[in-house]
Amino acid sequence: MDYEQEFLYRQPRTIEELRAVIVAAQEDPWAGWACDGDAHWTPVLVRQWWRDRPRLREWITTKHRRWSDADRADEREAARSLADRAVVHSRLTDIRMSRP
């Protein structure tokens, strides 16, 4: 089963983007937009996630291909966001996390 959930991959840049994030958080019936990341993300888990970047890149590529020509406007919009996310991801690939 391909379970997916929305996620915030960068900080909002405009008032409209901030408003969209707030509305999404308010309308989420499962509280997936929780603000408790510090309670769940330890340095070890962040490093583990960071090492799994190739899987993230593959997921972005697959979803972008599927949604770019979709009939649904929300999927086409998501594809544009994934392209933006891919740019952010590519800029981070050379950053090395230092160990404490």
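Biologist: Trp50: buried or exposed?
Modeller: Trp50 counts as buried, at 13% relative accessibility. Keep in mind that this is a predicted model.

Biologist: And what about Trp49?
Modeller: Trp49 is partly exposed, with a relative accessible area of 40%.

Biologist: What is its geometry?
Modeller: The Trp49 and Trp50 pair is tilted. The rings sit 6.1 Å apart, centre to centre, with 45° between the planes.

Biologist: New topic. Which residues make up the largest nonpolar core?
Modeller: Five in all: Leu56, Ile60, Trp67, Ala79 and Leu82. H4 and H5 are the elements that give two or more residues to this core. H4 gives the most, with three.

Biologist: What does Leu82 touch, leaving aside its neighbours within four places in sequence?
Modeller: Leu82 is in contact with Trp59, Ile60, Lys63, His64 and Trp67.

Biologist: On to pockets. What volume does the second largest pocket have?
Modeller: About 950 Å³. The lining of that pocket counts 24 residues. Glu6, Phe7, Tyr9, Ala78 and Ser81 lie nearest its centre.

Biologist: Which helices supply at least two residues of that lining?
Modeller: H1 (15-27), H4 (53-68) and H5 (73-92) each do. The largest share, seven residues, comes from H5.

Biologist: How does the lining of the second largest pocket split by class?
Modeller: Twelve residues are nonpolar, nine are charged and three are polar.

Conventions
Residues numbered from 1 in each chain as written. Predicted model: local features only at pLDDT ≥ 70, side-chain atom pairs only at ≥ 80, totals over all residues. Heavy atoms only, no water. 1 Å grid on protein atoms, 1.4 Å probe; cavity = no way out; pocket = protein on both sides within 12 Å on 5 of 7 lines; lining within 4 Å. Points joined across faces, edges and corners; volume = space filled by probe spheres on them. Helix = DSSP H or I, 4+ residues; strand = E, 2+ residues; numbered from the N terminus. Nonpolar A, V, L, I, M, F, W, Y, C, P; charged D, E, K, R; others polar. Core = buried A, V, L, I, M, F, W, Y, C linked by side-chain atoms within 4.5 Å. Buried < 20%, exposed > 50% of the residue type's maximum accessible area, 1.4 Å probe, protein only. Contact = heavy atoms within 4.5 Å. Phe/Tyr/Trp six-rings, centres within 6.5 Å; stacked < 30°, edge-to-face > 60°.
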